[in-house]
Amino acid sequence: MEISVQLFAGLREVMESDLLTVKLDQDIVSVASLRQALEEQYPKLKPYLSGVAIAVNEEYILSDESELSDGDSVALVPPIAGGS
Amino acid sequence: MIEIPLVTENVLDSNLVRSLIRTDESGAVIVFEGVVRNHHEGHSVVRLEYEAYVEMATTQILHVCDEILSTFRDREVYEVMIQHRIGKLEIGDTSLIVAVSAAHRADAFEAALRAVDRVKETVPVWKKEWSIDGAQWQEGIKPKP
């Protein structure tokens, strides 16, 4: 399974890209295994991942056991700072 | 009700938002504006640059509106509307509008305050602070959905 992950703000600048592709051997991928694969395939992300929320289809994922499906829109949400 | 973009690079229009949320039952209308200020944690700021995950920010803003209406459903809060501006904003520009209409002022104030807090906790927006020394992303908070 191959998952595209959108990046924003500081994370986008650190990785110099707004989209990362993560390759996983499993057919069923949990958010926890996505985090692990991101860490392995993009070591530069490692210091940031613990502070990052994962969003799937524009919703925050609260459980690391949640499973991803083909075609899901996945994003890393670094600490947010909206408003004034 | 006419549809307006909830996350936009355009100048926010508080009069328009007010007209969209006021109802004949409303005795109180709050239109809160978050405004770009010239300082942050003791240093000066010359402008802010906002970035959003636009699709998700729009979805999360709608969740905040639903959440507030549901929380205050027994307290005659009628309408909630939230708009966030993105892009480069200068000092004095409005970056956020949170507007609430209710029968009574106490409920309107409380609902508006709660809505602003929930925007800050859930809507994926980031801001880069420009000062005379350059630009850096402002430290944010981990989302609390």
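A9(A) is buried: 26 other C-beta atoms lie within 10 Å, and 20 or more are enough to count as buried. The residue sits in helix 1 of chain A. The model is predicted.

**Positive phi in chain A**

- Most residues other than glycine have a negative phi.
- E58(A) has a positive phi of about 70 degrees, although it is not a glycine.
- Where is E58(A) placed? It is in the loop between strand 4 and strand 5 (59–60) of chain A.

**Contact between chains A and B**

- Chain A gives 17 residues to the contact, and chain B gives 28 residues.
- On the side of chain A that touches chain B, the elements that give two or more residues are helix 1 (9–15), strand 4 (53–56) and strand 7 (74–77) of chain A.
- That side of chain A has 11 nonpolar, five polar and one charged residues.

**Chain B as a whole**

- Chain B has three helices and 10 strands.
- Read from the N terminus, its elements run β-α-β-β-β-β-α-β-β-β-α-β-β.
- The radius of gyration of chain B is 16 Å, close to the 15 Å that the globule rule gives for 145 residues, so chain B is as compact as a globular protein of that length.
- The C-alpha trace of chain B spans about 50 × 30 × 30 Å along its principal axes.
- Of the 145 residues in chain B, 39% are buried.
- Take the contacts in chain B between residues at least 6 apart in sequence: 71% of them join residues at least 24 apart.

**Strands of chain B**

- Strands of a sheet pair through backbone hydrogen bonds, either parallel or antiparallel.
- Four strands of chain B form an open sheet in the order 1-6-8-2, with mixed pairing.
- Strand 1 (7–8) and strand 2 (28–35) of chain B stand at the edges; each has a single partner strand, so one side of each is left without a neighbour in the sheet.
- How many bridges join strand 2 of chain B to strand 8 (residues 94–102) of chain B? There are eight, and the two strands run antiparallel.
- G34(B) stands opposite L96(B) in strand 8 of chain B.
- Strand 9 (residues 125–131) and strand 10 (residues 134–137) of chain B pair in the antiparallel sense over four bridges.
- A hairpin of two residues joins strand 9 to strand 10 of chain B.
- S131(B) has G134(B), in strand 10 of chain B, as its bridge partner.

**Helices of chain B**

- Helix 1 (residues 14–21) of chain B lies across strand 2, strand 6 (77–85) and strand 8 of chain B, and runs at about 25 degrees to strand 8 of chain B.
- Helix 2 (residues 54–71) of chain B lies across strand 1 and strand 6 of chain B, at about 160 degrees to strand 6 of chain B.
- The axes of helix 2 and helix 3 (residues 105–122) of chain B come within 10 Å and cross at roughly 150 degrees.
- The crossing of helix 2 and helix 3 of chain B is right-handed.
- Among the residues that meet there are Q60(B), H63(B) and V64(B) from helix 2 of chain B, and A111(B), R114(B) and A115(B) from helix 3 of chain B.
- By class, this contact of helix 2 with helix 3 of chain B has five nonpolar, three polar and three charged residues.

Terms used: Residues are numbered from 1 along each chain as its sequence is written. Chains are lettered from A and ligands numbered from 1 in the order in which they are written. This is a predicted model: local features need pLDDT of at least 70, side-chain atom pairs count only at pLDDT 80 or more; totals for chains, interfaces and linings use all residues. The radius of gyration is taken over C-alpha atoms; the globule rule is 2.2 Å times the number of residues to the power 0.38. A residue is buried if 20 or more other C-beta atoms lie within 10 Å of its own, exposed if 12 or fewer, and partly exposed in between; C-beta atoms are placed from the backbone. Two residues are in contact if their C-beta atoms, placed from the backbone, lie within 7 Å. Ala, Val, Leu, Ile, Met, Phe, Trp, Tyr, Cys and Pro count as nonpolar, Asp, Glu, Lys and Arg as charged, and the others, Gly among them, as polar. Two strands pair if DSSP finds at least two bridges between them. Axes are lines fitted to C-alpha atoms, for helices over the stretch in contact, and angles run from 0 to 180 degrees between N-to-C directions. A crossing is left-handed if the near helix is turned anticlockwise from the far one by less than a right angle, and right-handed if clockwise.
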